[in-house]
Amino acid sequence: MASTKAGQADVAATGRRKLDDIFDKVDALLGDRCWAIGGRFTLCDSYLAVYVGWLDRPAIAAPPGSFARLRRHAASVRQRPAVARVAERELAWLSRNE
């Protein structure tokens, strides 16, 4: 998206601000609800948990304590037995194929 270091830094900073803005909005919309849509777990919850997991990656790491509702939501998704089983299988596959 940019050919210079300064341009690349600007693109990264702009993307970070936009990502923070989106996460702020979704965090507020989630409020105290357990799930993203209605009162039950849906596919949207799975995807949202994946995106929230990106916040711990070094390239886009968000400050600890930020987006508390989203982090709580993602933890709830990861605690679901079916999700935990899938994550375990994926980690096993990754370790065999590195």
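Biologist: Is Phe 67 buried or exposed?

Modeller: Please keep in mind throughout that this is a predicted model. Phe 67 has a relative accessible area of 8%, and it is buried because the limit for that class is under 20%. Phe 67 is placed in the loop between H2 and H3.

Biologist: What is the phi of Phe 67?

Modeller: The general idea comes first. Most residues other than glycine have a negative phi. In this structure, Phe 67 has a positive phi of about 55 degrees, although it is not a glycine.

Biologist: Let us turn to the cysteines. How many disulfides does the structure hold?

Modeller: A disulfide is a covalent bond that joins the sulfur atoms of two cysteines. This structure holds zero disulfides. For Cys 34, the closest cysteine sulfur is that of Cys 44, and the 16 Å between them is too far for a bond. Cys 44 is likewise in no disulfide, the sulfur of Cys 34 being its nearest.

Biologist: Which accessibility class applies to Cys 34, and which to Cys 44?

Modeller: Cys 34 is exposed, with a relative accessible area of 52%. Cys 44 counts as partly exposed at 38% relative accessibility.

Biologist: Charged side chains are my next topic. How many salt bridges are there?

Modeller: In general, side chains of opposite charge can pair when their charged atoms come close. Here the count comes to four salt bridges. One of them joins the side chains of Asp 20 and Arg 16, with 2.4 Å from N to O.

Biologist: Where do Asp 20 and Arg 16 lie?

Modeller: Both are in helix H1, which covers residues 5-30, and they are four residues apart, about one turn of the helix. Arg 16 counts as buried at 19% relative accessibility, whereas Asp 20 is partly exposed at 24%.

Biologist: Which residue forms a salt bridge with Arg 69?

Modeller: The partner of Arg 69 is Asp 27, and their closest N and O atoms are 3.2 Å apart. This pair links distant parts of the chain, since Arg 69 belongs to helix H3 (residues 68-79) and Asp 27 to helix H1, 42 residues apart. Asp 27 is buried, at 10% relative accessibility, while Arg 69 is partly exposed, with a relative accessible area of 34%.

Biologist: Which residue meets Asp 56 in a salt bridge?

Modeller: The side chain of Asp 56 meets that of Arg 71, at 3.1 Å from N to O. Asp 56 counts as exposed, at 57% relative accessibility.

Biologist: I now come to the rings. How many aromatic pairs does the structure hold?

Modeller: There are four aromatic pairs. To read such a pair, consider the distance between ring centres and the angle between planes. Trp 35 and Phe 41 form an edge-to-face pair, 5.2 Å centre to centre, with 80 degrees between the planes. Trp 35 is buried, with a relative accessible area of 14%, and Phe 41 is partly exposed at 22%.

Biologist: Which residue lies over the face of Phe 41?

Modeller: That residue is Arg 80, at 3.8 Å from the ring centre.

Biologist: Why is the pair of Tyr 47 and Tyr 51 tilted?

Modeller: Their planes stand at 35 degrees and their ring centres are 6.5 Å apart, so the pair is tilted. An angle under 30 degrees would count as stacked, and one over 60 as edge-to-face. Tyr 47 and Tyr 51 are four residues apart in helix H2, a separation of about one helical turn. Both are partly exposed, Tyr 47 with a relative accessible area of 47% and Tyr 51 at 36%.

Biologist: Which residues do ring pairs link into a cluster?

Modeller: The cluster consists of Tyr 47, Tyr 51 and Trp 54.

Biologist: Finally, which residues make the nonpolar surface patch?

Modeller: The patch is made by Leu 43, Tyr 47, Val 50, Tyr 51 and Trp 54, and has an area of about 520 Å².

Conventions
Residues are numbered from 1 along each chain as its sequence is written. This is a predicted model: local features need pLDDT of at least 70, side-chain atom pairs count only at pLDDT 80 or more; totals for chains, interfaces and linings use all residues. Side-chain values use heavy atoms; hydrogens and water are left out. A disulfide is a pair of cysteine sulfur atoms within 2.5 Å. Buried means under 20% relative accessible area, exposed over 50%, partly exposed in between (1.4 Å probe, protein chains only). Helices (H or I, at least four residues) and strands (E, at least two) are DSSP runs, numbered from the N terminus. Rings of Phe, Tyr and Trp (its six-membered ring) pair if their centres lie within 6.5 Å; planes under 30 degrees apart count as stacked, over 60 as edge-to-face and the rest as tilted. A charge sits over a ring if NZ of Lys or CZ of Arg is within 6 Å of the ring centre and within 35 degrees of the ring normal. Patches are made of residues with over 30% relative accessible area and no salt bridge: like charges are joined within 9 Å, nonpolar side chains (Val, Leu, Ile, Met, Phe, Trp, Tyr) within 5 Å. Accessible areas come from the Shrake-Rupley method with a 1.4 Å probe; for residues, only the protein chains shown count as cover.
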